[in-house]
Each structure stands twice: as C-alpha cells, then as structure tokens.
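Visitor: Hi! Could you walk me through this one?
Guide: Happy to, let's open it up.

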Amino acid sequence: MNIEITGLTKVYPNGHKAINNVNLQIGSGMFGLLGPNGAGKSSFMRVLVTVQQATSGTILMDGLDINEHRQRIRRMVGYLPQDFTFFSKLKTWEFLDYAAQLATSLKKKDRTIKVNKLLDQVGLLDVRERMANKLSGGMKRRLGIAQALIGDPKLLVIDEPTTGLDPEERIRFRNILSDLSQQDVTIILSTHIVGDISSTCHNMAMLNKGEVAFKGSPEGMIDQVRGHVWQALLDDEEFNLIKTKYSVVSTIPTDGKWEVQLIATEQPHPKASHANPNLEHAYVYFMENELGVSLV
Amino acid sequence: MISLKNILTISRFESKVLWRNWFFRILAVAGIGFLTIFNIAVFSEADVPRWAFLSNSWLMPYASLTLISIPQVAAVIFLATGLIKKDKKVDTNEVFFVRPITNLDYVFGKALALFKLFFLLNLVFVALSLAFNLTSPYTTFQPWAYIIYPLLTSIPTIVFTAGISFLLVTLIKNQPISIVLLLGVAGVELIYYFDEFSNILDFMAFRLPMFISDISGFADLEFALLQRSFYLITGIALLFITAFFIDRLPSHRSARMVTGVLGLAILVASSFMMLRLYEMRQNPIELRQNMVALNGQWAEVPNITILSSAIEIELIEDEINASSEMLVKNNTDEVLSRIYFTLNPGLKVEEVVLNGSTQKAHKNFHIVSLDELNIAPNQEVKVLIKYHGDILQSAAHLEVDQKRYEAARDYFMFSMQKKYSFLQADYTLLTKDVLWYPDTQIGYNRKSVTKDRLSFPEFQLKVTTSNGQMAISQGEPVINGNVYQFKPEYPLPQISLAVGDYVKKEITVDSVKYSLYHYRNSDFFVNQLDQLSDTLSYLITDLANEYEDAQNLSYPFKRLQFVETPLQFATYNKIYESHQAYLQPETVYWPEKGSDIRQFDLRMQLRDMNSQAKRQNQVLTEKQKQANVFNDLIKKVFTKQIGADYAFEGLRQDEPDYSIYPNYYAYNSGIVSKEWALLNRSIATYLQNEKQAKADYSRNRNGISFTEECNNLMRESSLNEILSEAKFNKIQKSVSLKSQYLFTYIGQLIGENNFKDFLYSWVNQHQHQLTSYESLRKAIITEFQMDIDPIIKKVYFETSQPAFEILSLQKYEVLDGDRKRYQVLAEIRNSGNNDGVIEVKFTSGATADDEDYYRNKVNVTEQNEIPAQLSVIKKGETKLLGFVLDEKPDNITFNTIISRNIPSVITLPVGTLSKREGGELFEGERIITTEKAPNIYEIIVDNEDSAFSSFSPIKPTYLKAYLDSRKTTNQKYYGSWDRPFSKWLPTTGSEFYGTVIRSAHFTRSGNGEKIATWTPDIKEEGFYDLYTYMQGKNQNEFTGNNSSNKQHYYHFIIHHADGEDNITYNISNAEPGWNFLGSYYFNQKGGSVSLTDECELRTVYADAIKWVKQ
C-alpha cells in the first residue's frame, strides 16, 4: 500500500495542535514512527485509521482519499491502539470472532478456522476459552495484534505495541511483526522505544510537537550521529564532571570505574574514543542537538 | 450506510456481553421470581383464586406484563445508558470502530442486543403466565393474549425507553445524571400525570386501558394501538438521532446527514401520531361541550311530546340503518312552528316525513329541528325519521363533568376504558344515554340544570341482526329469522337494546318471567349452582316477596331480564335520577362474568359458606349452601336486602349500582315538577327501602363522616350552589340527605305511616305514567289538609340547621305484671337554629363475635332491628321521647339526618338497665318546658372547651411535616387512621363526650412527654369527685386484644389544692361513660387534671373530665 500524506493538521477543540502540517510518503513494509510522549504519534495514527478526522490536509491510500472512502479504507485497515480495554464478558476467541465478523464476510466455518489459526499464530490457542480481560498484559497485546490482523489488512497501524511487555514478550512481538512485514502489508509502528524500530523498520519518521523532525531510514538517522558517539573509562571525579557537560547515553560500572557512552560533537575527554553509533544514539543526538530537547 | 450484517453481529456479541452482566441476571431472576410468586398467589390453586382473576381469558399475561412494566423501564434505563456510556472512555472499543461499521450500525446493533434480551425475558414472563394458565383447571385460555399483550405493552416500552436513554446519555455524556433524569421522567409520568390526558403520556403502558372483554374485545383498539405505535416509532427515531449525535466515529458527512434526516423524518411521523392521539382525546371533550351549549339554547324552546315510537333498526357491521315512526302531540298551549328531536351526533338523518309529506330537517350535533310548521295545541302529528350511521358514545352522560368523565375506572391495578355503548359487528349495546333513537327531551345544560323532562311513550322495536345474534330489548320478542320484534306491554320512559351471541335461560314465577341472558362461554354458575334447578322458583318467590314487602310496591312488569354486558360498559350516578344505566326497564345489565363482585365469585362464596356453617355448627346440605350463596348474590347485589359489610362514604362517586329499584319507581312512575326538579328523585330516595352498609369508615379516614362533611357544606351553601359547584359525590349525598329530611319532616307533620301509605298508593295507582307535582300537591291537600309547597321551599332553600343535645338517657327494665319490658327515655333538646328531625333506632341481638368480625359472611340476615321512630323537634324545643320495648336493646342510635351534630348519627350502648317494678310506661313524645337549672356543683371540662389544652414537645418526622405542609384543606378533625405521632389531635365519634360535637383528642402513645390538661373554673372550694369520660375498656383497640387479660393504664396528674398526685389508672375495667378517678380538694385557686401519652396501648385519648362536689 502506498500512503501519501499532505499537509496533515489536527487541532483539538481545546486549541491544542496535535499534528502540524505533516507530509509523508509511506510505502510497503514496516514504517517506524518515533517521538517522545505527546509528540502527536497517537493522534496521527488515529487520523490514519479514520477514528479521528483531521482538521486539514489529505491522506491518500492507494490513491483513495480516506475522508471520502471511509468504509473502503476501514476494510483495508487493522489497528491496535496503544491501550484498550476488552469487553469484560467476552472470551478470547469470541472477541476475535466478533472482530472477524465485522472485518470479513467469511462464513462461520471459515471464520472459525481463521480465528483459530490467528490464535495459534499469536500463541493464544491454549487460552481461547479464557475471558479476554483475564489475559496477561502480553497476551492481551497479542490478542490485540490478532484482532488487527483478522481482516487481512493492507495497512496495519500499531500504537506503542511493546509498552509494558517483558523482554521475552517484546521479542516475540517483534518477530510477529517481522513475519508480517514479509507479506505485502504496510505496517506503521509508533513507539518511543528506539529498539523496536531499529530492529524491524526500514523506513521511519520522527515526530516532535506534531511536526516531522526526521524522515528516512534508520541508517540515515544513524549516519547523522556518526563521529559524535564516544566511549570512555572514567573514575568518579571525571564521570561527575562529564555528566554535567554531555549527554550520557549509558554508564556501566566496571572495576570501581565507569564505562560511559556519551554524545558530543568533539572529543569530550582525553580518554574518550569513538564508538559505533546506533539508533538510540541517533535519537538522543537528534533530540538534543537538532531539536534542543534535553533528554539527560 | 446501514448494514444488517453488522447490526446483527454487533447485537449478537453485545447481547452476549449483556447476558453475562450480573446486573441483568439479577434483574431477570428477580423479575421471574416476583412473577412466579404473583402467579402462585393470585392465579394458582394454592388457595382458591378469585373468580374475577380467572374469568377473563385475557387477563393473565396482561396482569404480569403490567406489573412488571415499571421495574422493567428502570432496568432498561440502567442497562441502556451503560451500553452507550461504555464508549465514552477513549480507546475502549476503538479496535472495532476501524471496522467498516457506521454509527447507525453501531447504535442499532447495541439497541438490538438490548431488545433481544428484554424481549426474551418478556417471553419468559409470558411463558410463566402460560404455564399457570394451562395448568389451572379453572382458568380460561386465550392464545392471542400471549401474542397481543407483549406486542402492545413491553415491546414499545422497551424500544422507547432504550431510545431515549441512548440519546440522553449521548448528549449529556454522563451515565448517573442521565439515569437520574430518566427515572425522573418516569416518576413524573407516574406521579403527576397518572391517568391524565387519557394516558397518552403513559409510555410504560402501566395504566393505558388495554383490557379486553371476552364479549366485545378491545374498548378502543385504535387509541391503544396508536399510543403504543407512537412510542415504538419514537423510540426508533431516537435511535437514529443518537447515531447522528454520537461522536464515536467520524462518518462521511452525507452519511451523517442522512441519519439525522431519517431520524427527524420518523420523529415527524410519530408527532403526527401524537397529534392524532391528542385529537382523539380532545374531540369527544369538545363534542360534549358543544352539545351542552346547544342544550342550553334549546332547553326553553317548547316542543311536542312523543306518544308512541315504532323503531326499526338494522345492524350493519359498526353502523345502524334505522327509522322511527312517531306519533307526537303538541301538549303546549301555543302553536308550534318548530319542533325538534335529539339524535346521536354520529347518526345522519336521511329523511323526515311529517304526516306523509317530506320535510326539510336541520341537524346540528344532536338536535334535529323542523321549521315552518304549524302544529296547533293538542294536535297529533305522525313523524317518520330515517337515519343511519354510527354512534358517538361520548354524547352520553353530558351531565358528567370532564374530570369525572375522564377519570379512570379502576379494575384491580388496571385502568378500564369506560364505554357507554357498543356498536360493532359482533356486539351491540345501546341505551337511551347515547340517543340512538329520536327523542324530544333536551339533556343536561348549564343554564338550567333542572330541565330534564320525562315522558312515557309506547315503544315498538324491530331489530334485524346478523350472524345469528340474539337481540334483547323490552317486551316479549317475536322472532322471525334474524328479525326480532319487541312490543313492550306498557309505556316506558326509555328502551335499550343488546345484541350479541347470547344464551337465554328462563323461568316464570308468579306470572313474572325471569330470564338470564349470558354469553355463550359465561355459564360458570351452572356447575356451582347445579342443585338449585328444582328450588329456584321457591327461592325467587321468597326473594321477590321479601323485596316487595320492604318496598311496599309491587313489580309493575311482566318480565325481569338479567343481561350480561361487557366489563367496559360504564355508567354514572346522576343528580336528577336515582338510577344508573345498568338498570333499564325490565332489565338489569350485569357485568361480564360478574366482574369483581364478590357475590358472583360462587366458588369462593361456597367455600366461605362451608366454613361459616362449620363455625356455627350448622349441618347444611349442598343444596342449602347453594341456596344461601344464590340468596346472598341476589340480596347483596340486586335487591340490597343485605347491606354491604362496610363502606367508605364519599370515596367513590360512581360505584356501580345494580339495584332493581328503578323498575319499581323510576321506570314505572314519576312526578314531574317544573319548579322542583329534584322532587322526583327525592321521592324515589324516600320510598327506596334498601339496606345500607353496616359500617362506614369515612370518619376513620377523615375525622368526620361524609354525611357531616355534607352537613357542613349545606350550612355554608344553598342547595343550588351545591348543585352547580360542589363535587359530585357531595351533591349526591346532600341531595339524598335533603330528600330524607324533607319527607321525614313532612311525614312527621302528617303522620309518617299515613304519608308513606299515601305515596305508595299514589305510585301504585299511577303505574306506567307520569303525574304532575300539582296533582300530587292537590291530592295531599285534600287528604291531609296540608300544602307541602312551602315546606319544600323551606327545605331546599334554607341553610340553617338544628343541633341536638341528648340531655339525659334513662333506661329501665320494667316488670309489667309477669312481662319483662324495657323503657328508654331520652330527653333531647334542639339548640340549633332550625327545626330538626331525629330518628331513633334500637338494635338488639348479639353483636358478631370478634373472631367473626373480619370474615366474609354469606347470606347472614341483618342484626335484629326494631323499626325506627322519628320525631320532629322544633328550634329551641326540648322533647322527652319514650320508647317501650319487648326485647332488651343493646344499642340506641340517634340519626339527626341534617344537623350540626358531629357525629350526625350517634350510637350509644344501652348498657346496664336499672330495674323498676311497675310504674307507668311512657311511649311517644312530649315537650318539656321546665328547664333544669344548671348544676353548679358539677363542672365538666371537655376537650372542645377552651379550658382544655394540650402540650407536645415532640417534633414531627420530616416526612410527616412535609406531608402536612402539602395538605390544602383546613381539616379540623382527624380520623383514627391518622394516629398522630407528635401532637394531640381532635377526632370525633359517638363514644366520646360532648353535647353537639362528640370529640376527643388523641395521640400515639409515647413516654409521657405529650400532655393534655383540663383546667376547671372552681367556684366553690371543697372535695370534688373526679371522673373521666371513657369509651370503654381498652379504648378502641382492635377487638382481638380483648381476649388477653393484660391490664392497661393511663397516667393522670392531678393538681389540687394540697399539691400534685400522679395516678396510674387502670383502663381495662373502664365502662363507657364517666369513670371515677378519685376525690381531691380543690379551691378557687383552681388546679387541673393532666393526662400523659404514656400507655402500652397504641393510642391515648383525652376526652372530658368531670368535677362533682361532694
């Protein structure tokens, strides 16, 4: 699916401008949306899945204006919000079946097959009879992704999917997404956890205060920070001094000293040497240097 | 825009969620449990169910659904608001909103989920009824009831309630506030608009009349259907509007617009229904107003009198095609250029032929007038009027004001639609009230309320029925196929017609044909009274003799027919007529299957008869029991020779009356007076000799009896003012009190028996015709040399009333040779400002034992009553009345009829009689001229006196204070059922001390804080004996308490010259009247007696204290 977003703006009735003149082109595969809390990611995604209406701007999905073809768009979309409560009194499979009936026109038999298949895919087949709201956090996320996938969507919009998941669940979740991205599906993933994007997305955008601060590939973003990431083994006194001057990305206590990674445009300390940058470094660098947001 | 598949999907899952909701499950279980208990208690054979509950085949599901309607509305409000509210929280179900569903799908899906569950629940309710219906051997089964009632009651209610709940919670976005508002709406409807506006606003169908008769079906199907459709359709419109306003899913603008427009369009459609409903309610009201106004215009216009009328009528579906050929006569002194007839406004006049030539007639509402005539005095003319059309039943009973006309007729918890006539394919019932044949009498109008002429034409009726229906009217029918011809033997004031699927049972006794017409499936009495067939004629003879002995009039017709009529057939009491339309000449219209009249509940009556026989150690055969039950039915319902056990006078103004008395007087005779329009009714009331209710509880409710309320009213207003302004029940009572007063007064002046005999023979000599007041007056002058005219004038116009004081009552048991006789001497003074009539009655015989008191009694003859004696006591006069009795009297009753007395009927126990040997017995009355000097050695302080005071430091409860603040009447006395908690309040009764007003103060017993005090004005110091006036032992507690030997006490505080004494006075041994408290020294400084509210019994009475100087 090809999504063309032009001049998208969303102003809430209280005057808060959640999205401001966003222009983006999103193609197939996984697309990461990075940004701090309150950057406008959720609003952007809600507009994208037609749950909310934009104040101005257009979104064309495969050439279809989503304002004009809501029903058709909704048929192509799967959406997993950041946080949602399940029906208190529906079983896991019923919940999925409910979504399936609304999203597809499958007959009961085929629907059951599909529901079970998806439950199996997300590892919930064993708990299919359990009430959906009695599932653990990770299971709920997986059930969430299952319901988003049930209509074979061409566009999958996932808002903060890994928040609150333990590492094992998170890895499992990423793997599910990776598998999906192999198919002809556009996946838009919003997160403030950099690791989620670096491990899965080929394209990304960074939102800040409703505006696009960066768009391109994760590598492109990392390239911008290359040469500005340093590492050094410092004692207490040196560490305390450097902490106040530079953005320290990580500190690992080693043999009574501190192994420190930090971002700086020039060598911050004689002991410091260049380190290999990753997306997290790029994110910090970007936020601090380009946008002037103090993260540390 | 709307997808059925989506709606069904949403509803399927949402209903699953709702079904798993504990709130719903608890409600469902509670509802089912409640209805199960209800069905067991009311319909099952666990106890003998009332016949009235079982007799109507439609009633069972209707009762259940009506009962559940209010709680169901509350449940729908709670669940519906919750269903929509859920989505207020962001993200809750957004995963579903991205699905291709519209707001409309969503709202309808949710609504459907709710409907599904509640419809299912109602199905269970109805199934429950069905189970009880099918398993009970005595119920009648009507399968359609189980389909029609859910459709008409629950479904529109649920849809409307869900619609309005959805919309409100969507707009307000707050579930608790929405619930409070919605429950408020329901509450306002139930409290403020209960039974108002023909129940148009009754969205829960709790009181909308939808009772179905087994004879005539729905009373007003169109109205009920329209009202229910309005709520159903409005509910759907509100769902559309909810979808328009709900801000869950941004829809395409056009989709939203279409939703809104559709909602609005449906709302507009439903508004038209509401307009039509309003019109259906308003049209009859306007018609009635117009007719009353028109009557006013015509009332004074002279007209011809009908001598004979031959009516031909053909019933075609719900219309009639009819003609009336009349012989009319100009009985006036002038040449009439214009004559007129009355005919129901729904009927259209086709042709009028006068003496063979066609005349132009003008019809305005119910008046058909013919102009440009020339009818000389005494000239007779033949008039033929051909007409057709339907009957507007709202044209009946114009005298009844709008409030009374629209008032609901309660039938158990239902409101029953009132119908005054029926004209439908399967059933017809027409009485004169709906003007179904041409007449010349102008009905009620405001200008001259008294214009109500009477005539006794000779009728003939020819009815063509269809579908093999039977026609019933006055006279012996001659049947030829489906043509029934009736020719009553005598002139009648009116005729009536009933046509339906009747079955006739007939017996001739003493040359009167008694026939019973019942509907085909209404033969419930056949099994219950199966052994009476060979004794029926004897029973009837006895009943007829008993009645005619009581009335002193003989039955003037050749037949008496009892015709079953639909439950909805309703009539009213009238001011100028003493009968209701249930009574027609030769005919009694008894209600379908006996309605809720206890005496028709033969099975219950037989059960009571059994236990009554057992209690009285009687061995009765089945036949005797059935005979008793039959007699009880006839005597309590039709001949009124056994009075009802109790009554609340004044509470209900249009209680059905099936007494056959109108056949003896109103349909047989009549005295016409231009001046005294009430006279005919007064004579009817005076001659009617039927038993009154044994007890009237209006005093227990209101503090004074209804008669006294009317006496108070008659002191303030003239009869004419009362006639035009008072509430109907007060008009009726005042008129009958005035009648009683008038004739007992005249009777006393010329001899009671002579006067009654004269009137009876007057009626018997003038059967089947009217006589004029003038001729009656002249006859009385000839017979008794007395002109009644000034007396009538005086009685009707005067407002001043007598007041009677019973100065002394002496009772002796006298040995007259070896014969024991009883002498009672009563000295009575009339201290009021008008002459008065007092009726003195004695009763003897054992009073019913306590245990028996509350039981239903079958065919038990009245307490032995010694004929009453009347006496006129003129203003300012004191009379000694002497009575000599052969039987020991137990009670003496003074009925003051119209007076200032409270109670107006004083009943005193005769108590112990002093023995006397020999001496002269005094019977009769004499005037006492020597006034007794007041006894200065005896001081009585009554609670009515200013020397009586009460004190209460207790605040009323908030609820009581609120309720009191809402009372608009300034009530002086309070009934014993209003037992005050925080105050001493006055109440009245024969058992209390007083001269003209017998009253006492009473309060709920407490811990001694509330105090009543009597402070005497002591003129001479010395030792005084103190007495307190008591009702007797246990002071009016429930009789059941008598059996225990518990002692109860009052606490008196005596403030005397030597200080203060607290007395604990044992009231369990008190005698009715004065009881000795003790002797104390009092001086001029005064002193007092106080009574505290401390008592183990629930009520404490403070009445009067007497000081007697030693």
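This is a predicted model: local features need pLDDT of at least 70, side-chain atom pairs count only at pLDDT 80 or more; totals for chains, interfaces and linings use all residues.

**Chains, cores and domains**

Visitor: In chain B, how many of the contacts between residues at least 6 apart in sequence join residues at least 24 apart?
Guide: 78% of them. Two residues are in contact here if their C-beta atoms, placed from the backbone, lie within 7 Å.

Visitor: And what is that share in chain A?
Guide: In chain A, 67% of the contacts between residues at least 6 apart join residues at least 24 apart.

Visitor: How many helices and strands does chain B have?
Guide: Chain B comes to 26 helices and 47 strands, and chain A has 10 helices and 14 strands. These are DSSP runs numbered from the N terminus: helices are H or I with at least four residues, strands are E with at least two.

Visitor: What does the radius of gyration of chain B agree with?
Guide: A compact globule of 1110 residues would come out near 32 Å, and chain B has 35 Å, which agrees. The radius is taken over C-alpha atoms, and the globule rule is 2.2 Å times the number of residues to the power 0.38. Along its principal axes, the C-alpha trace of chain B spans about 105 × 85 × 60 Å; for chain A the spans are about 70 × 45 × 35 Å.

Visitor: What percentage of the residues in chain B is buried?
Guide: 43% of its 1110 residues, while in chain A buried residues make up 46% of 296. Buried means 20 or more other C-beta atoms within 10 Å of the residue's own, exposed means 12 or fewer, and partly exposed is in between, with C-beta atoms placed from the backbone.

Visitor: Which residues have the most contacts inside the largest nonpolar core?
Guide: That core has 306 residues, and those with the most contacts inside it include Val157(A), Ile188(A), Leu114(B) and Phe166(B). A nonpolar core is a set of buried Ala, Val, Leu, Ile, Met, Phe, Trp, Tyr and Cys residues joined through C-beta atoms within 7 Å. A second, separate core of 33 residues includes Phe948(B) and Tyr1024(B).

Visitor: What does Val157(A) touch?
Guide: Leaving out residues up to four places away in sequence, Val157(A) touches Met45(A), Leu48(A), Val49(A), Val77(A), Tyr79(A) and Ile188(A).

Visitor: Switching topic: which domains is chain B divided into?
Guide: There are domain 1 (4-280), domain 2 (302-495), domain 3 (501-799), domain 4 (804-927) and domain 5 (938-1109). The bounds come from an automatic or database domain assignment.

Visitor: How many Å separate the centres of domain 3 and domain 4 of chain B?
Guide: Taken over C-alpha atoms, 26 Å. Their contact takes 28 residues from domain 3 and 17 residues from domain 4 of chain B.

Visitor: Which helix gives the most to the domain 3 side?
Guide: H21(B), with 8 residues. The domain 3 side that touches domain 4 of chain B divides into 9 nonpolar, 12 polar and 7 charged residues. Ala, Val, Leu, Ile, Met, Phe, Trp, Tyr, Cys and Pro count as nonpolar, Asp, Glu, Lys and Arg as charged, and the others, Gly among them, as polar.

Visitor: Now the backbone. Which residues does a cis peptide bond join?
Guide: Ile902(B) and Pro903(B), with omega about -5°. Pro903(B) sits in the loop between strand S32 (891-895) and strand S33 (905-909) of chain B.

Visitor: Where does Ser511(B) lie?
Guide: In the loop between strands S20 (502-509) and S21 (512-519) of chain B. Ser511(B) is not a glycine, yet has a positive phi of about 60°. Most residues other than glycine have a negative phi.

Visitor: What is the phi of Gln785(B)?
Guide: Positive, about 55°. Gln785(B) lies in the loop between helix H23 (773-784) and helix H24 (789-797) of chain B, and is exposed, with 8 other C-beta atoms within 10 Å.

How values were computed. Residues are numbered from 1 along each chain as its sequence is written. Chains are lettered from A and ligands numbered from 1 in the order in which they are written.
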